[in-house]
Amino acid sequence: MTLDDILDAGPVIPVIVIERPEDAEPLARALVRGGLRVLEVTLRTPAALDAIRAMCTVEGAIVGAGTVLGSQQYDAAVEAGAQFVVSPGLTDSLAAFAKAQKVPLLPGTATASEVMRAREAGFTRLKFFPAESSGGVATLKGFASVFPDVRFCPTGGISSDSATAYLRLANVACVGGSWPMPPEAIATRDWGRIERLAGATAALRRAAV
């Protein structure tokens, strides 16, 4: 599966922080039922790798690992079943490692110089992070004319209210965000609420056209 296949699978990639492994499977089922198939589990908690394994059992889910900082985490994520990997930035060593892997990397960039370095390393599908504090929609509009071959997944500070403006940009493939699964809904295991929020989020692509 290519990064384009993954990025085009839905308008929003839920950026997920899992504290309890037992929440992973029902959360993934709720998101997929709502129409959000691509799920990014951040490696910020001890439960993350177990969560990836559990979510990979959910039919229709495309599960990836986020907040990957180096090759050891990359290997661990792939071993857990991750189908893509997301990093907040890009180093020379991570770029070289990723190019040798079958599981693709979506590296993070925030400036024109970082986009140029990523392109030189062979990456034209990039995370724009942190999106809102890095200029948001205005910055991506500026990138469009000078980097016509690059597609972005902006993440960081994006909400249901601001997502549509990003999705209207031709160089934005999708956006990442955490609003479809509020922490209190996960804490109380309110999977019905999360499914409804996922459904409303999945409809954002139509609103952006």
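This report describes salt bridges in a predicted model.

## Overview

Side chains of opposite charge can pair when their charged atoms come close. A search of the whole structure finds twelve salt bridges. Several are described below.

R189 pairs with E22 in a salt bridge. Their closest N and O atoms are 3.6 Å apart. R189 sits in the loop between α9 (183-187) and α10 (191-202), and E22 in the loop between β1 (12-16) and α2 (24-34), so the pair ties together parts 167 residues apart in sequence.

E195 is partly exposed, with a relative accessibility of 28%.

D50 forms a salt bridge with R53. The closest N and O atoms of D50 and R53 are 2.9 Å apart. Both residues lie in helix α3 (residues 48-55). They are three residues apart, about one turn of the helix.

D50 is partly exposed, with a relative accessible area of 40%. R53 is partly exposed too, at 35%.

## A network

Some salt bridges join into a network. Its members are D4, D8, R125 and R151.

Methods:
Residues numbered from 1 in each chain as written. Predicted model: local features only at pLDDT ≥ 70, side-chain atom pairs only at ≥ 80, totals over all residues. Heavy atoms only, no water. Salt bridge = Lys/Arg side-chain N within 4 Å of Asp/Glu carboxyl O. Helix = DSSP H or I, 4+ residues; strand = E, 2+ residues; numbered from the N terminus. Buried < 20%, exposed > 50% of the residue type's maximum accessible area, 1.4 Å probe, protein only.
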